[in-house]
Amino acid sequence: MFRGITDISLDGRGRMAMPTRYREKLRERSGGRLVITIARHDPCLHVYAERDWQAVEEGLTELDGDERESRRQQHMLIGFAADVELDGNGRVVIPQRLRDYAQLEKKVVVVGQPMRLELWNDQTWEANVNAWREDANQSIGG
């Protein structure tokens, strides 16, 4: 549903303008109600339309609560989840705790994925892209 990479800026209050090409889809899927949480394995944030988050949350609550990894995922992903809403100008406020987790400052990279958006610190994103390229080059040459 989402694809592409967009560079955006956060203002001093932690607001960002959602890229125009995603706004309509987000409003269609959930009336502009979103859930933002941390990523499982990357230092970024995941943004879900509320309707799509419900499926993720149901999957998390069905995990075996006796397993340490399952509990950790539940605590982290559900615990950090924040309900936010697109305002009339297509902006959303990223809560401070989530900005701190992903080290989001002024420059942010929005990365489209099939059922969510990812928010990355621009320098972290570039470092990851470079590492992925290097890994790909080593596997091709090696």
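## Salt bridges

Arg91 has a relative accessible area of 25% and is therefore partly exposed, where buried means under 20% relative accessible area, exposed over 50%, and partly exposed in between, with a 1.4 Å probe and protein chains only. This is a predicted model, in which local features need pLDDT of at least 70 and side-chain atom pairs count only at pLDDT 80 or more, while totals for chains, interfaces and linings use all residues. Residues are numbered from 1 along each chain as its sequence is written, and side-chain values use heavy atoms, with hydrogens and water left out.

Arg91 forms a salt bridge with Asp87, their closest N and O atoms being 2.9 Å apart; the term stands for a side-chain nitrogen of Lys or Arg within 4 Å of a carboxyl oxygen of Asp or Glu. Asp87 is also partly exposed, at 24% relative accessibility. Searching the whole structure gives five salt bridges. In one of them, Arg29 pairs with Asp52, with the closest N and O atoms 2.5 Å apart. Because Arg29 lies in helix α1 and Asp52 in helix α2, this pair ties together parts that are 23 residues apart in sequence. Asp52 is buried, with a relative accessible area of 7%. Arg116 and Glu118 also meet through their side chains in a salt bridge (3.0 Å, N to O); Arg116 is partly exposed at 22% relative accessibility, whereas Glu118 is buried at 6%.

## Helix α3

Helices (H or I, at least four residues) and strands (E, at least two) are DSSP runs, numbered from the N terminus. Helix α3 holds 13 residues (residues 68–80), which at 1.5 Å a residue should span 18 Å, and this agrees with the 18 Å between its end C-alpha atoms; the expected span is 1.5 Å times one less than the number of residues.

Which residues of α3 are buried? They are Ser70, Gln73, Gln74 and Leu77. Seen down the axis of α3, these buried residues fall within an arc of 100°, so they line one face of the helix, the arc being that of the directions from the helix axis to the C-beta atoms. The buried residues of α3 pack against β3 (33–38) and α2 (50–61), contact meaning heavy atoms within 4.5 Å. On the face turned away from the buried side are the exposed residues Arg68, His75 and Gly79.
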